[in-house]
Amino acid sequence: MTLLAVEGLRRSFGSLVAVDSVSFEVERGEVVGMIGPNGAGKTTTFNCVSGVLPSDAGTVTFEGADVTEAPPYDLARRGLVRTFQQTRELETLTVTDNMLLPTPDHPGERAWHAVGRTAASEQREQEARERAMDLLGTFDLRGMVEEYAASLSGGQRKLLELARALMLDPSLLLLDEPFAGVNPTLTAEIVEHIEALNADGLTLLIIEHELETLTDLVDRLIVLADGRVLATGTPEAIMENEEVIDAYLGG
Ligand SMILES: Nc1ncnc2c1ncn2[C@@H]1O[C@H](COP(=O)(O)OP(=O)(O)OP(=O)(O)O)[C@@H](O)[C@H]1O
Ligand SMILES: [Mg+2]
């Protein structure tokens, strides 16, 4: 079944057409990779799909519903969650508080409803904390929970970002360069986490330049170049595709 359908997506910045008639689908249960040269429009495609940027034209359909105009929080509530190429941890918060940020009863709201706090909201916060600790355990960040995010390594930040996205319990996770700047050991760990999550039912769309890592992980690749879909297919087919070799792999 089609989980995500993108049809004729377009986004320009002034006279630059960053995303031009981009169409693709992601089936439930798939791991799909999105590759292409720098500036091909990969992140802009994610931005439009995830509601971070409005698109100029085209439609985005998620679980059969038209979500073209939906803001990020609405998409997250529906199960579509993304991470960012530049990690967005709040460095002045601890690892734990970064994890609790996306949840409705995060500590930052404590003062706000200190008076009207109900047993139900306390229970939700307790559950969120337990989920955060579970995820941080899974991602080997348990020893860092009281550290400020600023003291994490680049790789640990990528792990935290992944763990944080999972706080929202997504059915589709869009990852923008999850392996960039991550050492080989940590990369292998992230790969294992992604495989386990996928085996557990999570669908993933992953932008990445680390092709060796990506091709082992994905069922299918979508190649963007100059804002357009150049090719889609199995990793094997894409690696042999002349147009893709000329536009991206050749160098
Ligand atoms: N907010 C913006 N304002 C102006 N131009 C932008 C903006 N965001 C992206 N662009 C331009 O749009 C084009 C596509 O950028 P995008 O970030 O989507 O590429 P990308 O495929 O993610 O590249 P990379 O692999 O380097 O991350 C580039 O030419 C970029 O400079
Ligand atoms: Mg990008």
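Guide: Let us start at a turn: S9 and S10 form a hairpin with 2 residues between them, and Asp226 in that turn has a positive phi of about 50°. Strands here are DSSP runs of E with at least two residues, helices are runs of H or I with at least four, and both are numbered from the N terminus. This is a predicted model, in which local features need pLDDT of at least 70 and side-chain atom pairs count only at pLDDT 80 or more, while totals for chains, interfaces and linings use all residues. Residues are numbered from 1 along each chain as its sequence is written, and chains are lettered from A and ligands numbered from 1 in the order in which they are written.

Visitor: In which sense do S9 and S10 run, and how many bridges join them?

Guide: Strands of a sheet pair through backbone hydrogen bonds, either parallel or antiparallel. Two strands count as paired if DSSP finds at least two bridges between them. S9 and S10 run antiparallel and are joined by 5 bridges, with Leu221 opposite Gly233 in S10. Strand S3 (residues 31–35) pairs with S9 in the parallel sense over 4 bridges, and there Gly33 stands opposite Leu221.

Visitor: How many residues of S9 are buried?

Guide: A residue is buried if 20 or more other C-beta atoms, placed from the backbone, lie within 10 Å of its own, exposed if 12 or fewer do, and partly exposed in between. Strand S9 (residues 220–225) is mostly covered, since 5 of its 6 residues are buried.

Visitor: What is the order of the strands in the open sheet?

Guide: The open sheet has 6 strands in the order S6-S7-S8-S3-S9-S10, with mixed pairing. Strands S6 (80–82) and S10 (228–233) stand at the edges with a single partner strand each, so one side of each is left without a neighbour in the sheet. Further in, S7 (residues 172–176) and S8 (residues 203–207) pair in the parallel sense over 5 bridges, and Leu175 has Ile206 in S8 as its bridge partner.

Visitor: Which element supplies the largest share of the shell around ligand 1?

Guide: A residue is near a molecule if its C-beta atom, placed from the backbone, lies within 6 Å of it. The largest share of the shell, 3 residues, comes from H1, and strand S2 (16–27) and helix H1 (42–49) each supply at least two residues. The residues around ligand 1 include Phe13, Lys42, Thr43 and Gln85.
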